[in-house]
Amino acid sequence: MINIQKTESDIITLSIENKDGDVNVINEKFLTHFETLVEEITRDDSTKGLIFTSAKKDFLVGADLDFFISAENPLDIYKLSRRLQKNLRSLEKWGKPVVAAINGSALGGGFELALACHYRVVINHHSIKLGLPEVTLGLMPGGGGTQRLPRLIGIEKSLPYLLKGKSVSPQKAREQGLVHALAENQSELIEKAKAFIEQFNSSEIDHEKKATADPHSPRGKAGQNLFAAMTASLSYPGATKAPLKILSSVYEGMLVPLERGCEIEARYFAELAHSPQSNNMIRTLFYGVNNCKKQFSSFTESAAPFKKVGIIGGGIMGSGIAGACVSEGIEVVIKDLDLTGAEFSKNNVSQKFNKLIKRGVLTEEQKERALGLVSTTDSFEDFSTCDLIIEATYEDSELKKSIFKELAPFCREDVVVASNTSSLPIINLMSEDYKPENFLGIHFFSPVEQMPLVEVIKTSKSDRDTLFRVLKFVKDLSKVPIIVNDSFGFFTTRVFTRYIVEAVHALYQGHCATIIENAGRDLGFPLGPLEIADEVSLNLIRSILGEKAKINGVDGLTDISEKNTYIVANSLISKHSRLGKKSKKGFYDYPAKESKLLSEETKRYRNSEVQIGLEQMKERLLFIQIKEALSCLEEGILSSATEGDVASLLGWGFPPELGGVFTYCNEIGLQETLDKLLELEKDYGPRFSPPKVLKSLLNKNYEIIHDADEFFKPIATIEES
Amino acid sequence: MNTPVYIYDSVRTPRGKGKSDGSLHIVRPVTLASFALKSLTDRQSIPLERIEDVIFGCVTQIGEQGGCIAKAATLYAGLPYSVAAQTLNRFCGSGLEAIGHAAAKIGSGMNDLIIAGGVESMSRVPMGDDGGPMMSDPDVSSSIGFIPQGISADLIATLRGYGRRDLDQWAVRSHQRASHAQEQNYFRKSLIPVKDKLGQSYLSYDEMVRSSTTMESLAKLTPSFSLLGEKYGFDKVAIKKYPELEKIFHLHHAGNSSSMVDGAAAIYIGSEKIQKELNITPRARIRSYAITGSEPTIMLTGLIPATQMALKKADLTIDDVDLFEINEAFASVVLNTMDQLKIPEEKVNVNGGAIALGHPLGATGAMLVSSLIDELERIDKRIGLVTLCIGGGMGIAMVIERGS
């Protein structure tokens with residue numbers, strides 16, 4: 001795991017090289033080897049100093065997460081943390097210089113190793129990142145990071161790194177004092193490392209003095225106020241666990257010496273890493289996302305890339321998709337109703353890039369190059385050379401059909417055509433002018449530059465090769481694809497809309513709007529359901545429900561909650577011009593300088609004779625989504641539960657600590673899920689009725705939902721219960 | 001109380017402005033406390049060796065108020081070495097707790113004569129200087145749902161639907177009543193001017209009272225807790241516990257909240273036995289005492305159950321009580337207490353409250369008792385009740401009956 005080289009000047013270089021995987025991680029193998037080396041090296045007085053570096057692309061990017069998922073006992077995790085901490089401390093106290101010559105990304109445990117070194121020098125390359133991202137998976141640093149970082153750069157400065165998982169470039173790291181020096185290349189890196197060792201003068205980092213001298217030391221008033229305020233900012237309804245545990249680790253650790261602080265950190269670390277919340281986040285956000293990204297990679301690797309993408313519609317989605325394409329060097333042409341519209345769209349792309357330049361993530365040069373790949377037009381003639389066309393206009397099936405009809409004569413024979421629709425069945429949008437095997441859906445999420453999920457919708461006619469090309473396209477955009485089968489609402493919109501519809505139905509029934517909103521937030525959604533309705537806009541919701549009614553035909557909307565949501569949305573739009581956030585009024589009013597408030601029109605639905613408790617409302621909002629997701633499973637919309645979980649978290653902000661709709665079912669068990677749905681059906685109506693698939697899974701003695709191996713088949717066959 | 005416990009006499013210093021330009025700012029807290037002790041003991045002919053213990057409330061027990069300030073003050077006042085002392089902290093209820101504590105020791109037969117009181121110099125030892133895990137230890141604070149008291153007060157106002165006007169009106173009343181009481185010298189029995197060694201008076205009246213306070217003058221003040229609530233996230237901590245609220249209305253400001261002041265008080269508490277032994281006449285009897293905990297986020301509602309408990313123990317109802325002293329920590333606290341317990345407004349804080357007079361944390365409870373007894377005597381009424389809300393979510397109440 002770690003290669004040893006001793007140089008002539010008695011400097012030992014330890015080059016980390018994980019032979020079992022792509023990246024260097026801290027696992028049992030590494031730790032054992034590390035322990036042995038530390039023991040040997042610290043015994044040998046002839047050594048002048050130590051240099052850590054890497055033989056792989058990254059320096060060291062964290063711990064092997066398998067261990068945390070599989071650990072049965074939190075004490076095992078505690079011991080692991082203590083082993084790493086103790087060995088790092090041994091090196092730190094050794095008396096000889098230890099240098100981290102960082103020639104790749106140093107994240108998590110890798111950065112903690114570097115922090116324990118007396119000198120950190122890093123190659124100034126834009127691909128290198130340094131930081132402690134553990135919190136993004138519901139974990140925390142367990143190798144002394146919560147103790148060393150505050151002592152290094154001060155408590156106040158360290159908190160964004162620890163609490164938000166912020167990672168920085170080598171340049172920024174140098175500016176912030178995280179590293180001591182930069183190097184232009186590998187040889188300069190080692191040169192500087194050696195130079196430090198040669199002139200080392202036993203200048204041990206004085207952690208203890210720095211801790212007590214910190215202006216925000218918890219011993220003083222300023223510190224007490226800071227920690228009080230930070231605690232409050234992490235204690236809102238629906239807040240996740242990890243940040244508060246990290247804050248406690250810093251607070252408690254800074255009251256004692258470094259080594260004792262590490263003991264405190266190890267305890268919080270074990271508690272978090274063993275928690276179901278963290279395990280859920282790791283399973284979905286790490287393993288799940290990776291699986292989605294890697295699926296069919298043997299096919300997508302050899303698939304032919306798209307060279308030119310035609311985008312119909314220069315709105316927010318169109319511009320976003322264009323930006324994503326040109327960022328990866330893919331040429332695009334944007335068409336809008338007129339040239340002004342298309343130019344406006346290109347300008348939006350430019351604005352987004354300007355923001356990235358301001359953040360130091362993009363250069364002016366890179367922006368110019370990307371914009372050079374954007375052409376604008378008001379005519380489909382310019383789409384004749386496109387090999388992929390994405391339609392991103394209003395959620396109106398008639399409009400889309402007419403656009404596709406108009407486009408048809410200008411397309412290449414072998415063009416792949418997609419709609420960015422969030423809900424309309426693809427099969428209804430295509431005309432005979434198109435080859436059905438090359439016509440599918442590519443559903444991006446807004447805002448495109450922030451949302452990594454892409455829902456790829458295939459129909460029963462879709463061609464495998466076309467599908468693999470599209471998957472490759474999505475992966476090239478650095479997005480996370482899930483594959484779903486064509487139907488109304490696909491997967492994400494179908495399930496996500498339930499969050500809103502259940503809420504608006506409850507509003508219509510007369511329940512307190514604030515309780516409804518706080519129920520959503522308390523569950524762990526980033527926004528309450530009515531807030532979200534305003535964000536996506538009331539007219540989009542009305543359109544989606546309207547389209548669904550059309551599809552249902554003469555029955556219209558049969559589900560009472562959907563019916564009532566349509567009534568409310570329609571009333572707010574037509575009687576009060578309330579379209580949502582973009583029109584400054586929706587369910588909420590959005591005054592210019594103050595925070596938003598629920599509007600009088602919204603509150604008028606309140607009937608004081610009905611009263612729902614917060615916990616009951618939470619159950620309604622959560623389980624209606626569970627029910628819908630299980631129906632999707634039953635109908636064969638999804639090809640795996642993992643994709644459903646990934647879509648939950650990345651697509652609509654489903655509470656990360658719950659892991660996703662299917663992970664939630666597995667957590668509480670399928671029997672409990674069934675019982676709960678039956679109970680809710682009794683109390684609130686047939687829309688909660690448990691799908692047959694639940695019964696059939698239970699009959700087969702499934703305790704949890706497994707992923708399917710087959711691809712084009714639905715995950716479960718529907719049996720008579 | 002099963003055995004009678006009596007209040008024989010009480011003194012209190014005026015409340016000085018709790019800032020560096022306050023009249024008592026150059027009077028050290030140990031001096032204030034010893035001054036109160038000396039004033040009380042000097043004006044009675046009780047032999048000093050008979051005093052067994054001094055129990056003083058003091059909240060911010062650090063620095064000048066650390067190291068058992070009660071004992072320091074007892075020695076500094078020249079009381080005999082045999083007089084023991086204890087400093088206690090039950091936040092804003094400390095002054096009343098000291099009396100309750102003394103009453104318990106006397107009622108149980110452990111002691112016969114105790115001086116109970118309190119001292120706080122907020123100008124010299126600012127509130128919060130002593131730290132504490134409830135506020136700043138993340139694991140503790142988050143599990144409690146801690147929010148600063150001012151936001152608790154705003155939370156009460158939001159829940160009860162009190163508007164800015166309601167709160168300001170009470171503030172105006174506090175100043176008008178206090179101002180009138182000062183003019184009429186209603187406080188004369190207990191109020192003792194604080195004097196220096198040259199005989200000059202540092203302060204002889206409660207200097208925070210402003211008869212010029214009006215609704216208009218108060219309307220100009222900006223709410224004190226918006227930033228803390230909205231920017232620092234404490235509002236959301238409150239909403240987490242009270243999810244029926246969309247937002248917290250920030251209505252409290254310096255003018256309708258208690259002011260920070262310096263002051264001390266001392267009260268003779270004794271047994272029936274000591275009455276006979278020393279032939280002294282009690283001014284009042286302690287009928288009952290109640291202490292209870294309450295929801296810590298809203299924090300300031302504990303005085304409601306405490307009042308109910310104290311009345312029940314004394315076998316009395318709200319209607320039986322002639323005068324109420326409901327500590328005006330924040331205007332919404334008083335309004336909420338009156339509304340929930342249906343206490344008639346004309347019986348409440350008749351000579352003003354902490355909004356006008358000030359709230360010297362560790363001493364207030366004792367000051368309220370002394371003012372209450374003075375007023376019961378003045379208007380020839382019998383039953384009084386003192387109650388205070390307490391940090392961390394507690395409430396304390398005591399029923400007092402004038403005479404023996």
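Predicted model: local features only at pLDDT ≥ 70, side-chain atom pairs only at ≥ 80, totals over all residues.

Visitor: OK. How many helices and strands in chain A?

Guide: Chain A has 30 helices and 19 strands. Those are DSSP runs, H or I of at least four residues for helices and E of at least two for strands, numbered from the N terminus.

Visitor: And why call chain A compact?

Guide: Because its radius of gyration is 28 Å, close to the 27 Å that the globule rule gives for 721 residues, chain A is as compact as a globular protein of that length. The radius is taken over C-alpha atoms, and the rule is 2.2 Å times the number of residues to the power 0.38. Along the principal axes, the C-alpha trace of chain A spans about 90 × 60 × 60 Å.

Visitor: What about contacts in chain A?

Guide: Of the contacts in chain A with a separation of 6 or more, 74% are between residues 24 or more positions apart. Contact here means heavy atoms within 4.5 Å.

Visitor: Now chain B. What's in it?

Guide: You'll find 15 helices and 12 strands in chain B. Its radius of gyration is 20 Å, close to the 22 Å from the globule rule for 404 residues, so chain B is as compact as a globular protein of that length. The C-alpha atoms of chain B fill a box of roughly 60 × 45 × 45 Å along the principal axes, and 62% of the 404 residues count as buried.

Visitor: Pick a residue there. Is Ser332(B) buried or exposed?

Guide: Ser332(B) is buried, because its relative accessible area is 0%. Ser332(B) sits in helix α13 of chain B, residues 331-341. Leaving out residues up to four places away in sequence, Ser332(B) touches Ala153(B), Ile156(B), Ala157(B), Tyr162(B), Leu167(B) and His252(B).

Visitor: On to the interface. How many residues of each chain are in contact?

Guide: 29 residues of chain A are in contact with 24 residues of chain B. The two chains bury about 2100 Å² between them, 61% of it on carbon and sulfur atoms; that's the accessible area (1.4 Å probe) two parts lose on being put together, summed over both.

Visitor: How many salt bridges are there across it?

Guide: The rule finds 2 across the interface of chain A and chain B, requiring a side-chain nitrogen of Lys or Arg within 4 Å of a carboxyl oxygen of Asp or Glu. One salt bridge joins Asp139(B) and Lys245(A), at 3.9 Å, N to O.

Visitor: Which elements of chain A give two or more residues to that side?

Guide: They are α10 (221-233), α11 (242-253), α21 and β19 (597-598) of chain A. The most comes from α10(A), with 9 residues.

Technical notes. Residues numbered from 1 in each chain as written. Chains lettered and ligands numbered in written order. Heavy atoms only, no water. Buried < 20%, exposed > 50% of the residue type's maximum accessible area, 1.4 Å probe, protein only.
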